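Dear colleague,

Please find the structure below, together with its sequence.

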Amino acid sequence: MRAVRPGPLDWTAVSDTASPPLTIVEIQRRVGAELDRIGSVIDELGARFTEAGEELALVGGPVRDAMLGRLQQDLDFTTSARPEVTERLVSGWADAVWDMGRAFGTIGCRKGGWQVEITTYRSETYDPSSRKPDVDFGDSLEGDLGRRDFSVNSMAVRVPSREFVDPSGGIVDLAERVLRTPGTPEDSFSDDPLRMMRAARFAAQLGFSVAPEVVAAMTAMAGRIEIISAERVRDELVKLICAPHPRLGLTLLVETGLADHVLPELPALALERDEHHRHKDVYEHTLTVLEQSIDLEHRLAPPGEPVRPDFVSRFAALMHDVGKPRTRRFESGGVVTFHHHDVVGAKLTRKRMQALRFSNHDIDAVSRLVELHLRFHGYGSGEWTDSAVRRYVRDAGDQLERLHILTRADCTTRNQRKADRLRRTYDSLEERIARLSEEEELAAVRPDLDGNQIMELLGIGPGREVGEAYQFLLELRLDEGPRTPEQAEAALRAWWAARQG
């Protein structure tokens with residue numbers, strides 16, 4: 001195990017012989033600037049703990065992110081103080097204090113724009129059959145760092161002295177952009193199997209490679225992820241998919257076999273060819289669609305607002321073809337078909353998301369997008385009637401913009417002429433939607449008469465017949481567009497008379 005000597009911020013003591021992508025000098029410049037930026041927080045807080053005879057250190061992700069020049073507003077500290085002492089020391093200094101994490105040794109607080117969490121030195125281990133860690137308080141910073149997931153997250157800066165502590169050589173791994181564990185990966189993943197998914201997540205977030213010994217341990221121990229709760233797996237998966245480089249993390253999950261346990265629909269795609277029979281498997285197509293979907297996320301950002309990762313559109317892109325393995329058929333002439341894979345895929349998506357304990361809102365949104373992702377291909381060269389366009393909008397509902405993104409991203413053909421044609425055709429569809437929306441308030445299509453008006457006109461009370469009349473008027477609205485109240489009343493009376501006859 002490599003190590004960097006603990007001591008003051010003397011970065012020149014670390015050699016740079018490997019010529020890594022980041023130099024130690026650059027890291028020194030970045031972290032110095034970031035620590036100066038948060039100096040008022042770390043110096044004041046550090047002084048309070050020191051005066052009380054306790055140790056305090058900025059630790060983990062914030063130290064790593066400071067070295068990358070991307071420190072956020074959340075600051076994590078570790079301390080020798082027990083939770084009740086920490087709570088006393090921050091009271092009167094912080095603007096607000098909360099203790100929801102007290103059972104795990106964590107006290108949270110807010111100071112100005114900074115969100116602070118302070119956790120007592122600790123260690124976590126898993127019983128082989130347990131889903132939850134056993135938490136014990138530790139007695140040293142080095143011991144606390146040694147229990148952490150990866151060496152790049154196992155660095156600390158003592159405050160207020162700003163002494164750098166890095167017993168596992170995390171700064172060198174960060175400079176080389178590689179993920180290693182502080183000890184053996186087998187021990188690390190035995191203690192907390194979720195760390196295997198965190199390796200994939202950090203690869204996706206940071207764009208780092210994963211050390212061969214870590215990949216080997218993940219492959220050998222993939223089945224151990226089964227003891228982790230669905231909620232914890234889900235949260236890591238969301239962070240991975242919303243990261244800047246999700247392909248890196250997803251590929252690692254598939255290649256190590258972890259995906260077989262947490263998202264088996266994804267590796268199943270690697271055996272399939274797409275419907276165009278162009279000798280590219282659906283797995284690679286899916287990752288390309290995901291990346292192209294990400295490129296279109298700016299469409300979801302309100303004007304003037306920054307573009308943010310959108311889990312629903314990304315996960316829909318990832319799952320849009322999962323129905324293909326179940327629906328593949330070999331036709332004469334070597335043709336491969338996947339009829340109804342949209343419907344089957346929507347059902348598989350719903351089942352997987354339910355197993356991962358996603359919210360009903362997210363399940364409904366992603367499943368709807370998967371079910372609708374082929375609808376556009378019936379548009380041809382613009383032959384749809386206005387009625388068909390209205391139904392397209394009605395069925396997409398509040399997911400229409402995401403459906404635009406998914407449909408456009410799903411074009412991965414290398415035939416530039418075909419790609420241009422598909423793009424122009426979809427441009428035409430969006431233009432028609434915009435025109436009809438402006439003319440008819442298409443996003444809120446309703447019958448021209450409401451339930452109360454239906455009951456009054458027909459002289460009936462609440463019941464099944466009112467719903468049937470409402471549906472008749474809705475279909476009429478979709479087929480023929482808006483009508484005046486008089487026209488709607490005449491159509492309703494004619495429909496009712498035909499029923500009575």
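**Surroundings of aspartate 149**

Leaving aside residues up to four places away in sequence, aspartate 149 touches Arg180, Thr181, Pro182, Ser188, Arg195, Arg198 and Phe202, where contact means heavy atoms within 4.5 Å. Please note that this is a predicted model, in which local features need pLDDT of at least 70 and side-chain atom pairs count only at pLDDT 80 or more, while totals for chains, interfaces and linings use all residues. Residues are numbered from 1 along each chain as its sequence is written, and side-chain values use heavy atoms, with hydrogens and water left out.

Aspartate 149 lies in the loop between α5 (141–146) and β9 (156–158); helices (H or I, at least four residues) and strands (E, at least two) are DSSP runs, numbered from the N terminus. Its relative accessibility is 5%, so aspartate 149 counts as buried (under 20% relative accessible area, with exposed over 50% and partly exposed in between; 1.4 Å probe, protein chains only).

The side chain of aspartate 149 makes polar contacts with the side chains of asparagine 153, at 3.1 Å, and arginine 198, at 2.6 Å. A polar contact is a pair of N or O atoms within 3.5 Å; within protein, one must be able to donate a hydrogen and the other to accept it, and residues adjacent in sequence count only if both atoms are side-chain atoms.

**Strand β6**

Five of the seven residues of strand β6 (residues 114–120) are buried, so this strand is largely enclosed by the rest of the structure. Strand β3 (residues 74–79) pairs with β6 in the parallel sense over six bridges; pairing requires at least two DSSP bridges between two strands.
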